[in-house]
Amino acid sequence: MPFGFKLGQSNMPVVGVDFGVSSLKVLQLTGDSGKIIAAGCAATPDDLIEKPAARLAHQANELPKLLRECGIKGRRAVCSVPAGHTFVQHLHVPRSEGATRAGEVQNQLRTLLGADPERFIVRLFNVCEVTRGGQRCEELLCIAIPRDIVLAHVRALAGAGLEAVGVQSEHLAAVRAFDSITRRVEDEALSSIIVDLGYGSTKVGITHGREPVFAKTVHVAGRQLDRALAKARKCAVKDSRRTGGAIALDPAQARIAAATAAMSMNESAVPGVPIARGATAPAPALASGPVVTAEDRRAGSSPQILCELGEPPVETVDTGAASTPILSAIADEIAMCVRYHQALFPGRKLDRFVLAGGEARQVELARAVGRAA
């Protein structure tokens, strides 16, 4: 959930920091037009990918150097917390008011979390009214992050000389990143599904206008795909993927949203600045306007092309039969998310599909997700 502090105002734009699984990413945008001032990333060592505490400690050490190399100035920062630390669940709370409602929410959370809810920072969103067991209930979307995890990320920012003005879950960061293109009055009737294909997990969010009505973490993503390919190729997981392939950005592109940096910033981004240190630039979403090329991380083939929203990728990549179950699993999970939304809101179709995240550059994965949505 947003975790904010009212600090002194600064003329410098807020710095976005994504403590991601496969890389640490930083981004700074202008406050008026949303253009990129600076951006960069630092890859996570392979031996730390599955060690969250050690990974965060490493990224905290890398962050000051990355900020200097990118030329980022300013002290105010927002960051995202990896989805693996975030509890996401839809609750069904019998209609009531005041202390009764709050108590019911607390009781459900205590059971689901297996811990005192006070140890978590909890954000609740009203979704709709439903009937469960013949009783009218409120459907609530709950997103919770342990307080100690939030504070660990605040300390990581402080160690780099940054003051935390927000800590966000990846789900809400991806949703909020598209607020700037969902601001017209008629957009309130727009239903969007945003799929963030990451390396550690896949995040799904559905919004009505700007308001989130569904969220889920799918624990199948790029890492599982690499494992399957490594098994098929009889090699180490680190050898089944390739780093160092930079994304080529066309300076004329005008509407790549910064959702895939997973920042809590209501901006859209215009590329055309150097990308520091990382294996990749902030990964592009499939948004109206731009065409982005990227080297495939696994196949060793020619560059991929991610096309405008609604168009299929123009090149195919043979990821091998080993990847098929992984692609199917992700597609099935997303299809279930769509069906759940349809059950909650019969007759309300999804108008916009946004594919974001570093793994969106894997064309077969992008196609599988597109078919599911």
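**Why is it called that?**

Me: Why is Tyr 340 called partly exposed?

Reply: In this predicted model, Tyr 340 has a relative accessibility of 28%. Buried would need a value under 20%, and exposed one over 50%. The 28% of Tyr 340 lies in between, so partly exposed is the label.

Me: And what makes Phe 214 count as buried?

Reply: Phe 214 has 6% relative accessibility. The cut-off for buried is under 20%, so Phe 214 passes.

Me: How do you know that the rings of Phe 214 and Tyr 340 make a pair, and what kind is it?

Reply: Their centres are 5.7 Å apart, and the limit is within 6.5 Å, so they pair. The planes stand at 45°; stacked needs under 30 degrees and edge-to-face over 60, so this pair is tilted. A search of the whole structure turns up one aromatic pair.

Me: What makes you say that this pair links distant parts of the chain?

Reply: Phe 214 belongs to strand β11 (residues 211-218), Tyr 340 to helix α6 (residues 324-344), and 126 residues separate them.

Me: What makes Lys 234 worth a look, and where is it?

Reply: Lys 234 has a phi near 55°, which is a positive value in a residue other than glycine. You'll find Lys 234 in the loop between α5 (222-233) and β12 (256-257).

Me: Is Lys 234 buried or exposed, and how do you know?

Reply: Its relative accessible area is 78%, and exposed means over 50%, so Lys 234 is exposed.

Me: What about β5 and strand β7 (residues 135-146): what makes them a pair?

Reply: Eight bridges join β5 and β7 in the antiparallel sense. At least two are needed, so that counts as pairing. Leu 91 has Leu 140 in β7 as its bridge partner. α6 packs on the sheet too, touching β5, β6 and β7, and its direction makes about 55° with that of β6.

Me: Which residues have the most contacts inside the largest nonpolar core?

Reply: They are Ile 193, Val 195, Leu 197, Ile 330, Ile 334, Leu 355 and Val 369, in a core of 40 residues. The largest share, nine residues, comes from α6. Apart from this core lies another, of 28 residues, including Leu 66 and Leu 157.

Me: Which residues does Ile 193 touch, leaving aside its neighbours within four places in sequence?

Reply: Among them are Val 204, Ile 206, Ile 334, Val 338 and Phe 353.

Me: And how many helices and strands does the chain have?

Reply: There are seven helices and 17 strands. Of the chain's 373 residues, 54% count as buried.

Key. Residues are numbered from 1 along each chain as its sequence is written. This is a predicted model: local features need pLDDT of at least 70, side-chain atom pairs count only at pLDDT 80 or more; totals for chains, interfaces and linings use all residues. Side-chain values use heavy atoms; hydrogens and water are left out. Rings of Phe, Tyr and Trp (its six-membered ring) pair if their centres lie within 6.5 Å; planes under 30 degrees apart count as stacked, over 60 as edge-to-face and the rest as tilted. Helices (H or I, at least four residues) and strands (E, at least two) are DSSP runs, numbered from the N terminus. Buried means under 20% relative accessible area, exposed over 50%, partly exposed in between (1.4 Å probe, protein chains only). Contact means heavy atoms within 4.5 Å. Axes are lines fitted to C-alpha atoms, for helices over the stretch in contact, and angles run from 0 to 180 degrees between N-to-C directions. A nonpolar core is a set of buried Ala, Val, Leu, Ile, Met, Phe, Trp, Tyr and Cys residues joined through side-chain atoms within 4.5 Å.
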